[in-house]
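Hello,

Here is the structure I promised to pass on. My notes follow below it.

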Amino acid sequence: INLFLLNFSVLSSLFFVEIISYKYYYSTDRQKFIIKNLLNSNFEWDNRTKGEFINFLQQKQNIGVYPHYSPNGWLSTNLLQKNEEIVKIRSDNKNLYPLSNISNSLIVHCNEYGKWQYFATDEFGFNNPLNQQIDEEDINIVLIGDSFVEGFCHGKNQDIGSLIRNKGYNVYNFGKAGGGIIHYNAIYNEYVLNNDHLNPDLIVLFVFFTNDVGDTYEEYNVDVYKNYSDLKYYNQDLINNQKYADNILKN
């Protein structure tokens, strides 16, 4: 009985400490940051909706400004397959399933800390410089992952790819928020495997286990994702059909 009480007390204490640590790690820092900004008289919280900010930004830009697109969410809910209007739009554009944002545009993604964040996309709809110049002497690095890699909720040039690029490497950021392992494989098949422009020395896959495992299970029940997992070299030739993918997203 004493041994049981001792073990129970120790485990209960450890479990209690774990709960406190978890709540502190995931809540306190962000709350402190928000409160600090609210108390700062020089900081003005942007209360505009995403649509209002997009309209405002569009008036100042000579390229398109669009909301962020999450392919995993659209595909997992079967919206791209079952909504009649969207099915018609897709049928007019080679029946594609877009996996990136609209290319050569500004993409507004989130306002997590009082300021709307956005980034410019490259010719394939990812968070890279448009037609970026490659230094043949530098190492070529390809990054694949979800929101952490894409730079979701971070300011311009604050994504992982930009920070590594500043160190003198050639970096291709193919991160896309809201995806699992099968989605990463789809990105690889479409934009890396058949891309003659790329000659990567390193391909780095970022896996965030807190949600990537669950996302992967969801993706395995989606037909288009199952094609990528079951057929080794399956692809939609998105790299040569970006204008059609853009048309679908714009519509």
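A residue counts as buried under 20% relative accessible area, as exposed over 50%, and as partly exposed in between (1.4 Å probe, protein chains only). Helices (H or I, at least four residues) and strands (E, at least two) are DSSP runs, numbered from the N terminus.

This is a predicted model: local features need pLDDT of at least 70, side-chain atom pairs count only at pLDDT 80 or more, and totals for chains, interfaces and linings use all residues. Residues are numbered from 1 along each chain as its sequence is written, and side-chain values use heavy atoms, with hydrogens and water left out.

Confidence first. pLDDT is the predictor's confidence in each residue, from 0 to 100. The protein averages 87, and 91% of the residues score at least 70. The lowest mean, 70, falls in helix H4 (residues 79-82). Strand E6 (residues 202-205) has the highest, at 96. Where pLDDT is low, the predicted coordinates should not be read in detail.

Next, the sheet. Two strands pair if DSSP finds at least two bridges between them. Three strands form an open sheet in the order E5-E4-E6, with parallel pairing. Strand E5 (170-173) and E6 are at the edges with a single partner strand each, so one side of each has no neighbour in the sheet. On average, neighbouring strands are turned by 20° against each other, direction ignored. Strand E4 (residues 140-144) pairs with E6 over 4 bridges, in the parallel sense. Valine 142 stands opposite isoleucine 203 in E6.

Helix H8 (residues 181-192) packs on this sheet and touches E4 and E6. Contact means heavy atoms within 4.5 Å. The direction of H8 makes about 140° with that of E4. Axes are lines fitted to C-alpha atoms, for helices over the stretch in contact, and angles run from 0 to 180 degrees between N-to-C directions.

How much of H8 is covered? Most of the helix: 9 of its 12 residues are buried. Among them are Ile182, Tyr184, Ile187 and Tyr191. The buried residues of H8 pack against helix H3 (71-76), E4, E6, helix H9 (209-219), helix H10 (223-230) and helix H11 (242-250).

Last, the disulfide, meaning a pair of cysteine sulfur atoms within 2.5 Å. A search of the whole structure finds 1. Cysteine 110 is joined to cysteine 153, S to S 1.9 Å. Cysteine 110 lies in strand E2 (residues 106-110) and cysteine 153 in the loop between helix H6 (147-150) and helix H7 (160-165), so the bond ties together parts 43 residues apart in sequence. Both cysteine 110 and cysteine 153 are buried.

Best wishes
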